[in-house]
Amino acid sequence: MSYDVNMRSLGGNIMATCMFIGNHESSDEIYSTLLSLTEELILTEKVSTFYVGNNGAFDRLAQKALLSLKKKYPEINCFTVLAYFPGKKTPFDLPPLLETIYPEGFEKVPPRYAINHRNRWMLERSSFVVAYPSPFGNSSKLAAKARLSGKTVIDISHETADIFSFQ
């Protein structure tokens, strides 16, 4: 699988952060791309911290890739960022595979806005965004916002680039 890349190199030994955002109905076919791309971010871009949600198939695939890479690179930090208070069930919540974070102040966010609030929280803390957006969903809007904010966005839903090079 290929992906569209909007990159800005961090260079040096800066430890970077990456978030994942994608369509909740994603196919397992993208797993190998997620795994390879995430490992490339660790090795070439010095990404050491990863954030992912727990509200759909894309999040589950990203968690699975991170869990696998955590075994190979135990120094990386991988977190599932919860949009809702732990224990509160919503139809799309999946049990997290990684250590969880429920940031302070999230309890004050109305449930209707919780996922968008969580995604903005992750975006503010990330240099890289791995995206698999649906054409008209919130993941697409967040990827666009990330680009406008100067974040490095790697869109694996487009077949316009066949390389992982970040140079």
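Modeller: A disulfide is taken here as a pair of cysteine sulfur atoms within 2.5 Å. By that rule the model has zero disulfides. This is a predicted model, in which local features need pLDDT of at least 70 and side-chain atom pairs count only at pLDDT 80 or more, while totals for chains, interfaces and linings use all residues. Residues are numbered from 1 along each chain as its sequence is written, and side-chain values use heavy atoms, with hydrogens and water left out.

Colleague: Is Cys-18 buried or exposed? And what about Cys-78?

Modeller: Cys-18 is buried, at 0% relative accessibility. Cys-78 is buried too, with a relative accessible area of 6%. Buried means under 20% relative accessible area, exposed over 50%, and partly exposed in between, with a 1.4 Å probe and protein chains only.

Colleague: How much of the protein chain counts as buried?

Modeller: Of its 167 residues, 49% do. The chain exposes about 8600 Å², of which carbon and sulfur atoms supply 53%; these areas come from the Shrake-Rupley method with a 1.4 Å probe.

Colleague: Which pattern does the chain follow along the sequence?

Modeller: The order is β-β-α-β-α-β-β-α-β-α-β, made up of four helices and seven strands. Helices (H or I, at least four residues) and strands (E, at least two) are DSSP runs numbered from the N terminus.

Colleague: Let us turn to H1. What length does it reach?

Modeller: Helix H1 covers residues 31-45 and reaches 20 Å from its first C-alpha to its last, close to the expected 21 Å. The expected span is 1.5 Å times one less than the number of residues. Lys-46 follows H1 and has a positive phi, near 60°.

Colleague: Which residues of H1 are buried, and what do they pack against?

Modeller: The buried ones include Leu-34, Leu-37, Leu-41 and Ile-42, and also Glu-39 and Glu-45. The buried residues of H1 pack against strands E2 (16-22), E3 (47-52), E6 (128-132) and E7 (152-155), and against helix H2 (57-72). Contact here means heavy atoms within 4.5 Å.

Colleague: A change of topic: which helix gives the most to the lining of the largest pocket?

Modeller: H3 does, with five residues. E2, H3 (114-124) and H4 (138-148) each supply at least two residues of that lining.
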